[in-house]
Amino acid sequence: MTEFVAELGPCEGSVDYARRAIQALKGTDIAMKVQWYTADTLVRPGTARYDRTDDRDIDQHAMFQTQLSIDEWKMIAREAMSENGVKFFPTVFDETMVDHAVEVGLDRVKIASGDITHTPLIRTAAQLPELVISTGAATFSEVQEAVGAAFDSNPDVKLTLLACHLEYPSRPEDAHIGRIVTLQQTYGVRCQIGYSDHTPGLGILPSLALIGIDMWEKHVTLGGVPAVGDHTFAVTVDEMKVARRVIDGVGRMIGDPNLVPSQGEL
């Protein structure tokens with residue numbers, strides 16, 4: 001059974017946007033995934049944005065514009081889980097955010113692809129019952145080290161590895177979903193394997209369904225905001241619902257791989 005995860009990022013730094021997301025996901029069984037960070041602990045002052053070469057829009061300043069306070073995030077987490085029954089978990093970028101996740105009663109956090117070599121953070125995050133790690137742009141040895149760090153810290157952690165192409169958006173020919181198969185063959189006995197999808201639209205779904213994944217994470221937009229950044233390749237909640245029907249439908253069509261007559265054939 002594939003778990004569907006809606007990536008909402010920093011929710012535009014807006015409590016109202018986060019609450020709209022909760023209401024949009026309520027009753028869908030789609031998890032709400034966000035990003036917990038503080039700009040001053042994540043990015044050095046004066047650092048240029050990675051996608052720009054000028055100094056007019058430095059990365060830290062841009063992140064301050066989309067930063068909710070940790071108290072606001074805790075409020076959103078409680079509203080999502082306790083009041084609306086929406087599964088909720090954040091990507092964490094430092095150990096203090098793991099502490100906040102524990103404080104609010106979360107049982108799962110995610111490590112972003114860029115932090116797959118941040119071993120202290122992985123070890124701390126693995127103390128929770130569940131951990132998700134994205135593997136975009138990682139080498140085989142880096143994935144090995146991250147998995148080893150997680151299980152060394154907590155042999156019982158439920159670990160999910162997400163294949164990922166770390167480009168926003170990713171062209172279909174750069175999706176590299178074959179990485180899913182490599183992760184399944186290497187870690188499928190001990191870990192769940194999924195895909196963090198940065199391709200536009202839903203065209204990739206039949207291929208993912210045929211391979212078989214435990215988690216599909218996709219950027220989701222609610223509308224009402226400028227169509228820039230992640231919103232340019234995000235899907236809607238309604239499209240996420242369509243995606244579930246596609247994956248479930250293809251899964252049913254795979255049927256029994258054994259070469260014996262089916263009941264209908266008999």
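Predicted model: local features only at pLDDT ≥ 70, side-chain atom pairs only at ≥ 80, totals over all residues.
Local features rest on pLDDT of at least 70 and side-chain atom pairs on pLDDT 80 or more, whereas totals for chains, interfaces and linings use all residues. Residues are numbered from 1 along each chain as its sequence is written, and side-chain values use heavy atoms, with hydrogens and water left out.

A pair of aromatic rings is described by the distance of the centres and the angle of the planes. Here, rings of Phe, Tyr and Trp (its six-membered ring) pair if their centres lie within 6.5 Å; planes under 30 degrees apart count as stacked, over 60 as edge-to-face and the rest as tilted. Five aromatic pairs are counted by this rule. One of them joins Trp36 and Phe88: the ring centres are 6.4 Å apart and the planes stand at 50°, so the pair is tilted. Trp36 belongs to strand S2 (residues 31–36) and Phe88 to strand S3 (residues 88–92), so that distant parts of the chain, 52 residues apart, are linked. Strands (E, at least two residues) and helices (H or I, at least four) are DSSP runs, numbered from the N terminus. Trp36 and Phe88 are both buried, a term for under 20% relative accessible area, with exposed meaning over 50% and partly exposed in between (1.4 Å probe, protein chains only). Trp36 and Phe88 also form one aromatic cluster with Trp73.

A further pair consists of Tyr37 and Phe93, whose planes are at 75° with the centres 6.2 Å apart, so this pair is edge-to-face. Tyr37 is in the loop between S2 and helix H2 (39–42), and Phe93 is in the loop between S3 and helix H5 (95–103); the pair therefore ties together parts that are 56 residues apart in sequence. Tyr37 is buried, at a relative accessible area of 7%, and Phe93 is buried at 17%.

Charged side chains also meet aromatic rings. A charge sits over a ring if NZ of Lys or CZ of Arg is within 6 Å of the ring centre and within 35 degrees of the ring normal. Arg108 places its charged end over the ring of Phe89, 4.1 Å from the centre, and Arg190 lies over the face of Phe151, at 3.7 Å from the ring centre.

The peptide bond from Tyr168 to Pro169 is cis, with omega near -10°. Pro169 lies in the loop between strand S6 (158–164) and helix H8 (178–187), and His176 is in the loop between S6 and H8. Phi of His176 is near 50°, a positive value in a residue other than glycine, and His176 is partly exposed, with a relative accessible area of 37%.
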